[in-house]
Amino acid sequence: MSLFRIFDIAGSAMSAQSVRLNATASNLANAESVSSSAETTYRARRPVFASALADVMQGEKEGSVGVEVKGVLESQAPLLREFNPTHPMADKDGFIYRPNVNPVEEMADMMSATRSYQTNVQVADSAKQMLLQTLRMGKG
Amino acid sequence: MAISFDKAFGIHQYTIGARSARAEVLAANIANADTPGYKARDLDFSSALEQAQSRTQSGFALATSDARHIQGGSSSSLAGNVKYRVPNQPDTGDGNTVDVQQERSSFMENGLEYQASLEFLNSRISGLLKAIKGDQA
């Protein structure tokens, strides 16, 4: 029955959005994590979303696709190299490396993820109401 | 004269199925609002309803012995009735055509129409119950 599928779909979207929120939290938490080499510096992480087409292959109805997280990619944007010889983490040339996290971008991403999560909760709630009313059908 | 449930429930027994199928499609749109390359879809309601009504009781379903086999027959009420939406905004850069506002209002509208169909069915059922019980309270 279609209404039960809505819980799967909205649930997959909720878990995908929570992965996104987790990545945002990690990025914001590590925004100031300096390091002494480019390799060990934290890079901003972003999940990649894709439609869960596997269900369609297995004879599921067309039109109802959930979301899956394909993976979490690290941003390839250049790191911030800063000359700060007095810093305890400075390398032998006196440079420290700051992560390529843009806090403004992360905050906007966080709001977007929160709103999407809320929308999916409301969808699941509406589906629940519809199902409950269907179950009560004919009972007056 | 026998009571025909099929006649008593009329079109509403089919409407409710088509409405729940549409709810599923709209929920998938909302779920994929942030998925790159996802194209928003919607159910062609009137043709889905027509198909649900005209479907015979004994559909010719294909035998499947593997999960990847095509279902065939009239097993799905959605088959052929799901169409892509025409986007009302230019591409935002990631190929996604979901307009969350539009999807949410359509989902709400669809839910209310589902409830309306349920109400119609409920009133038909209580009418039938009254007929069955006669003049008892």
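Predicted model: local features only at pLDDT ≥ 70, side-chain atom pairs only at ≥ 80, totals over all residues.
1. Residues are numbered from 1 along each chain as its sequence is written, while chains are lettered from A and ligands numbered from 1 in the order in which they are written.

2. Chain B has four helices and two strands, taken as DSSP runs numbered from the N terminus (helices H or I, at least four residues; strands E, at least two). Their order from the N terminus is α-α-β-α-β-α.

3. Of the 137 residues of chain B, 29% are buried, that is, with 20 or more other C-beta atoms, placed from the backbone, within 10 Å of their own.

4. Turning to the interface, 34 residues of chain B are in contact with 34 residues of chain A (C-beta atoms, placed from the backbone, within 7 Å). On the chain B side, α2 (12–31) and α4 (100–133) each give two or more residues, and α4(B) brings the largest share, eleven residues. This side divides into 20 nonpolar, nine polar and five charged residues, with Ala, Val, Leu, Ile, Met, Phe, Trp, Tyr, Cys and Pro as nonpolar, Asp, Glu, Lys and Arg as charged, and the others, Gly among them, as polar.

5. Within chain B, α2(B) also touches α3(B), through residues including B:Y14 and B:R22 of α2(B) and B:F45 and B:Q53 of α3(B). Seven nonpolar, three polar and one charged residue make up this contact.

Notes. Contact = placed C-beta atoms within 7 Å. Buried ≥ 20, exposed ≤ 12 C-beta atoms within 10 Å, placed from the backbone.
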